[in-house]
Structures are given as C-alpha cells and as structure tokens.
Amino acid sequence: MSKDQRQQLRDRVAWWAGKLHVAPRIIRVQRMTRKWGSCTSSGIITLADDLARRDRRFQDFVIAHELLHLRLPTHGRLFKALMTVHVPGWRSLDLQR
Ligand SMILES: [Zn+2]
C-alpha cells in the first residue's frame, strides 16, 4: 500500500468525521484479516489497509460505520437509520471479510 493510498483513506476519514460531527482520537490504517474496520470506545478507529483498493462507496460504508460508533456504540435503530441517511443501500454491504 502506497503512502498516497494511506493518506487518501485518512483524508476520507477526516471528511466523514466532519460530516458526522465526530472526532476520532487516533486513526490507524493497518493489515486486518477478519474485518474492514473497527472502533474502540476510547476513540481509536482502525481501517484495513487494503480498503484502499475497494471502491469509494465501500470505503464510505466502512468509514461511516466505524465513525458512527463514536456516537452510538451499538447497531440499534438510530444507528441503522443514520447509516441509511449517509450511505443508502448499505445493508447490501458487509463489514466482515
Ligand atoms: Zn459496528
């Protein structure tokens, strides 16, 4: 993964953070084998480095999902409603891999 690709993912996270009014404390881009992203309650967002090779729509799905967890820890009704507002059609995508 190139430095540019890594930066592109970080830029996308920054853009989404502004849109969703959240402030991740740390953003990590690293190899992940089972998921495309994760979020901790202490505000650490981790993204799979090969997410850079997926299309923009899938990137947005993963990034929006993880950033929304900074506001809502579980996948409740409000979480799903916000996902639908921001990433229409997200239900056909899968965070597992
Ligand atoms: Zn989740």
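Colleague: Helices (H or I, at least four residues) and strands (E, at least two) are DSSP runs, numbered from the N terminus. Where does α1 lie?

Modeller: α1 lies across β1 and β3, running at about 145 degrees to β1. Angles run from 0 to 180 degrees between N-to-C directions, with axes as lines fitted to C-alpha atoms, for helices over the stretch in contact. Contact means that two C-beta atoms, placed from the backbone, lie within 7 Å. This is a predicted model: local features need pLDDT of at least 70, side-chain atom pairs count only at pLDDT 80 or more, and totals for chains, interfaces and linings use all residues. Residues are numbered from 1 along each chain as its sequence is written.

Colleague: And α2, what does that touch?

Modeller: α2 packs on the sheet, touching β2 and β3, and its direction makes about 15 degrees with that of β2.

Colleague: Which residues of α1 are buried?

Modeller: Leu-9, Val-13 and Trp-16. Buried means 20 or more other C-beta atoms within 10 Å of a residue's own, exposed 12 or fewer, and partly exposed in between, with C-beta atoms placed from the backbone. What covers those buried residues includes β1 (26-30), β3 (44-48) and α2 (56-68).

Colleague: What's on the face turned away?

Modeller: Exposed residues, among them Lys-3, Asp-11 and Trp-15.

Colleague: New topic: what's the strand order in the sheet?

Modeller: The sheet is open, ordered β1-β3-β2, with mixed pairing; strands pair if DSSP finds at least two bridges between them. β1 and β2 (37-39) are the edge strands, each pairing on one side only.

Colleague: How many bridges join β1 to β3?

Modeller: Five, and these two strands run parallel. Ile-26 stands opposite Ile-44 in β3.
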